Amino acid sequence: NVNKLIENGVMKGSPPSDVNKIIAVLFVEFDNAIGIKISYQVPAKFLSDASFKILENHFITKSKQLHSKLIVTELFDFQTIGIPVEIPHTDAVEDGRKVSIFNIVIVTKIGVNTEPYEKILKKLVKILFYLLSRKKSFYHRRGN
């Protein structure tokens, strides 16, 4: 219980009011062969293929000016919070791409305070950027 942790001094401040308001989490990426795709989503099948096809450009934007920027949008009855990220490669690696593009998207109800999720997303993006950059570098060094 979060309130008990605060009372016992384990956590500081008041419990976030939006903790239980995450509806879904998506990991969306650009695949060289098939285009924009959902690689992972929780809950599974949150977005059908048909719904995703309508929304895909909201998750992986063509505008490079929006890459690495926090984007909050209202789509249908939901609010999405994401940071599209592009990882450049010095040489084409793995599947022939010169860049990897991905986005971690948190889906909430419209009107939910996004501030607590923004900090989480920024940290996740930094970690994934680091891990994926190292993976691509590893593939390049191995000559794959």
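Here is a walk through the structure, from its hairpin and cores out to its surface.

This is a predicted model, in which local features need pLDDT of at least 70, side-chain atom pairs count only at pLDDT 80 or more, and totals for chains, interfaces and linings use all residues. Residues are numbered from 1 along each chain as its sequence is written, and side-chain values use heavy atoms, with hydrogens and water left out.

Let's start with strand 1 (22-31) and strand 2 (35-42); helices (H or I, at least four residues) and strands (E, at least two) are DSSP runs, numbered from the N terminus. The two strands form a hairpin with 3 residues between them. They run antiparallel and are joined by 7 bridges, where pairing takes at least two bridges found by DSSP. Across the pair, Phe30 sits opposite Ile36 of strand 2.

Asp31 and Lys37 also meet, through a side-chain salt bridge (3.9 Å, N to O). A salt bridge here puts a side-chain nitrogen of Lys or Arg within 4 Å of a carboxyl oxygen of Asp or Glu. Asp31 counts as buried because its relative accessible area is 19%, while Lys37 is partly exposed at 26%. The cut-offs are under 20% for buried, over 50% for exposed, and partly exposed in between (1.4 Å probe, protein chains only).

By this rule there are 2 salt bridges. Another one links Glu56 and Lys53 (3.5 Å, N to O), both in helix 2 and 3 residues apart, about one turn of the helix. Glu56 is buried at 12%, whereas Lys53 is exposed at 54%.

Now for the inside. A nonpolar core is a set of buried Ala, Val, Leu, Ile, Met, Phe, Trp, Tyr and Cys residues joined through side-chain atoms within 4.5 Å. The largest has 14 residues, and Leu26, Val28, Leu47, Phe52, Phe59 and Val105 touch the most other members. Strand 1, strand 2, helix 2 (49-59) and strand 6 (97-109) each give two or more residues to this core. Apart from it lies another core of 12 residues, including Phe27, Ile87, Phe102 and Ile104. Leaving aside neighbours within four places in sequence, the contacts of Leu26 include Tyr40, Leu47, Phe59 and Val105, with contact meaning heavy atoms within 4.5 Å.

Gly111 is exposed, at 65% relative accessibility. In helix 3 itself you'll find Ile127, which is partly exposed at 44%.
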